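Hi,

Here is the structure I said I would pass on to you.

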Amino acid sequence: MDVRHSHGTEVHVVRACYEDDAADLIAVGGAHSVEILLLTESSCKTIANFHIGTRVTALAWSSRVSSPSSTDEWSIELAAAGADFGLYLLSKSASEEEEIFPFGGGRSGHHGKVNDMTFCGGRSEDSSRYLATVSDDKMLMVWDLHPTIDIASPPFPGTSPPSRPQPTTYVVKFPYPLTSVNAHPSTSKELLVADCRGSIFLTDWRSDPPENEQDSWRNSSVVELVEPRALADSLVGPSAKWSGSVAWRRDPSADFVGAAYGSRFALWDMGNLAGGKPYMTGTSFAEGGSQFRFACRWCPTYPEYFAVSTSSPAKGAVIHVHNVTYVYAQPTVFNIAPRPLYVRSFDFVACRGIPRIVAAVGREVIVFYIGVDS
């Protein structure tokens, strides 16, 4: 049974929580607020609403989260990025109201649209301490949300002085705008960073900074993965502007990496890199092109599944689900809504059982199963 929820404004970002104690929580980013939904098999309800006053461009869940379905002393924490280039740490608990902590504004933060973000502390006690963000300004920033020193900075216009120290940041500069970032599920130092031209960098953000800041990406990048056709098309296309998406496969080994560029997806085996070229490539949306935005997500509960969507409205709101075991087989196609609607954002729900996908379509959030009971 599909679950539908009307957000009230256009939904720009959805993110499912992958923590075991909060796998039934969904974050919804709209035109001016972030809504938190508690999901059941047949319904959902709002448990928090954060008004940040700007369009949401990215969301990321912290590990400091538990659902009302798992404990009476539940709490939530997540980060959001706004169209004003500012960042926000959002928190709420069973006994406290919504709290919004703004940071990263002005000269200390990004100067372009923040396209993606992820917490990157691995499974250590720092799992909720470090937040990585990437932007059109070509910079990867890793924020220490709980610094040991307090560096004074001016408050945001119209706000009171901050109640906690402002986060400090480690900056890695890249040569091209960055579209996606994903943290290794287990380690605390490895990030996958995708740029707009078809390159993916396995980055050790904890490496010592170089003397020349302009070459910081070379110093931090351990491996560069390339999807040759996407890179070639971006070089020769007169107005090519890609919006690639990259992610680790959500299993204990995390040996596989998936990405979507243009009409194609690519898979890499990190145990057998073969010079950085993918071991499998395929076409998911044949009508794809440089003007389309694609997203790639791995299923956290059934890691053999990954899904690809496009923002092209040519065929309406559609998601293709692939099985890595039969990657050259035709994908399972889920037609969610007719054109001109399209999938603006989607994610796999982390609840056990039959996999579900949550998708942002127009002003609605739609949750649907991708299989049936056997």
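Below is what turned up, going from the pocket to the rings and then to some strands.

First, some ground rules: this is a predicted model, so local features need pLDDT of at least 70 and side-chain atom pairs count only at pLDDT 80 or more, while totals for chains, interfaces and linings use all residues. Residues are numbered from 1 along each chain as its sequence is written, and side-chain values use heavy atoms, with hydrogens and water left out.

Let's start with the largest pocket, which holds about 1,100 Å³ of space. A pocket here is an open set of points on a 1 Å grid over the protein atoms alone, where a 1.4 Å probe fits, with protein on both sides within 12 Å along at least five of seven lines; lining residues have an atom within 4 Å of a point. The volume is the space filled by probe spheres set on those points, which are joined across faces, edges and corners. There are 40 lining residues, and C17, Y18, E19, P185 and R250 are the closest to the centre. Strands that each give at least two residues to the lining include β2 (13-16) and β22 (294-298); a strand is a DSSP run of E, at least two residues long, numbered from the N terminus.

Now the rings. You'll find nine aromatic pairs, meaning Phe, Tyr or Trp rings (the six-membered one for Trp) with centres within 6.5 Å; planes under 30 degrees apart are stacked, over 60 edge-to-face, and the rest tilted. One of them is F256 with Y279, a tilted pair at 5.7 Å centre to centre and 55° between the planes. F256 sits in strand β19 (256-261) and Y279 in the loop between β20 (264-269) and β21 (280-283), 23 residues apart. F256 is buried at 18% relative accessible area, whereas Y279 is partly exposed at 35% (buried is under 20%, exposed over 50%, partly exposed in between, with a 1.4 Å probe and protein chains only).

Finally, have a look at β20, where five of the six residues are buried. β20 runs antiparallel to β19, joined by six bridges, and also pairs with β21 in the antiparallel sense over four bridges (pairing takes at least two DSSP bridges). A266 in β20 is the bridge partner of A259, and A266 also stands opposite T281 in β21. β19 and β20 make a hairpin with two residues between them, and G262 in the turn has a positive phi of about 60°.

Cheers
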